[in-house]
Amino acid sequence: MTLQKLKVEPLTKEAFASFGDVIETDQRPFRVINNGSTRRYHALAQVETAYPADGDRAIISIFRAQTTKLPFTISMLERHPLGSQAFVPLLGRTSLVVVAPPTDSSINNDKPQLDLIRAFITNGKQGINYSRGTWHHPVLAIGDEDDEFLVVDREGSGNNCDEHFFEEHEQMILDYQS
Ligand SMILES: NC(=O)N[C@@H](O)C(=O)O
Ligand code: NI
């Protein structure tokens with residue numbers, strides 16, 4: 001059985017719009033602050049939490065991710081129905097991002113739409129913020145050694161991680177040569 005190979009696209013704000021935000025400074029507006037010494041690239045992304053009145057909190061973590069050996073089989077995607085999740089590279093390395101648009105978590109057997117799954121390569125300076133409910137593969141570091149990301153996501157009550165495992169014939173191959 002030949003699995004579909006995902007086309008890897010360069011990450012851009014426009015291409016990623018239905019999945020979330022790209023956190024970057026290239027071509028972005030800024031405010032000059034601190035007596036002219038600093039550019040503030042303001043509100044590049046919004047942290048979403050489902051139940052702020054019930055104590056949902058936005059938290060900041062660091063993920064040290066082992067490198068993913070390519071080619072890699074995408075056998076599952078996950079989503080966070082109760083909040084957004086942002087990954088910002090700390091070591092300036094490129095990484096791969098595999099996403100599908102959010103779907104209606106209120107219906108049974110809700111799952112990613114196979115034909116809408118897309119793969120992106122970051123430029124090493126770009127971070128991403130998955131919108132609440134965006135299907136995505138867990139972090140995919142592809143450098144020669146472990147990578148590190150600053151992660152901003154939601155802490156609170158309830159299940160905030162749905163996983164969907166594909167049928168074997170639905171799995172996809174992810175590969176990338178720089
Ligand atoms: N589970 C967890 O904290 N990490 C994943 O959500 C991920 O997207 O890597
Ligand atoms: Ni996640």
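Me: Which order do the strands take in the open sheet of five strands?

Reply: The order is β3-β12-β9-β15-β6, with antiparallel pairing. Strands here are DSSP runs of E, at least two residues long, numbered from the N terminus. Two strands pair if DSSP finds at least two bridges between them. The model is predicted: local features need pLDDT of at least 70, side-chain atom pairs count only at pLDDT 80 or more, and totals for chains, interfaces and linings use all residues. Residues are numbered from 1 along each chain as its sequence is written, while chains are lettered from A and ligands numbered from 1 in the order in which they are written.

Me: Which strands stand at the edges?

Reply: β3 (20-23) and β6 (57-65) do. Each has a single partner strand, so one side of each lacks a neighbour in the sheet. From one strand to the next, the twist averages 15°. Axes for this are lines fitted to C-alpha atoms, and angles run from 0 to 180 degrees between N-to-C directions.

Me: How many bridges does β15 form with β6, and how many with β9?

Reply: Nine bridges link β6 and β15 (residues 147-155), in the antiparallel sense. Alanine 58 stands opposite arginine 154, and isoleucine 62 has leucine 150 as its bridge partner. β9 (residues 85-89) joins β15 through five bridges, also antiparallel. There, proline 89 partners phenylalanine 149.

Me: Where do side chains point in a regular strand?

Reply: They alternate between the two faces of the sheet.

Me: Which residues are around ligand 1?

Reply: Glu78, Gln85, His136, Pro138, Val139 and Cys161. Near means that the C-beta atom, placed from the backbone, lies within 6 Å.

Methods. Helices (H or I, at least four residues) and strands (E, at least two) are DSSP runs, numbered from the N terminus.
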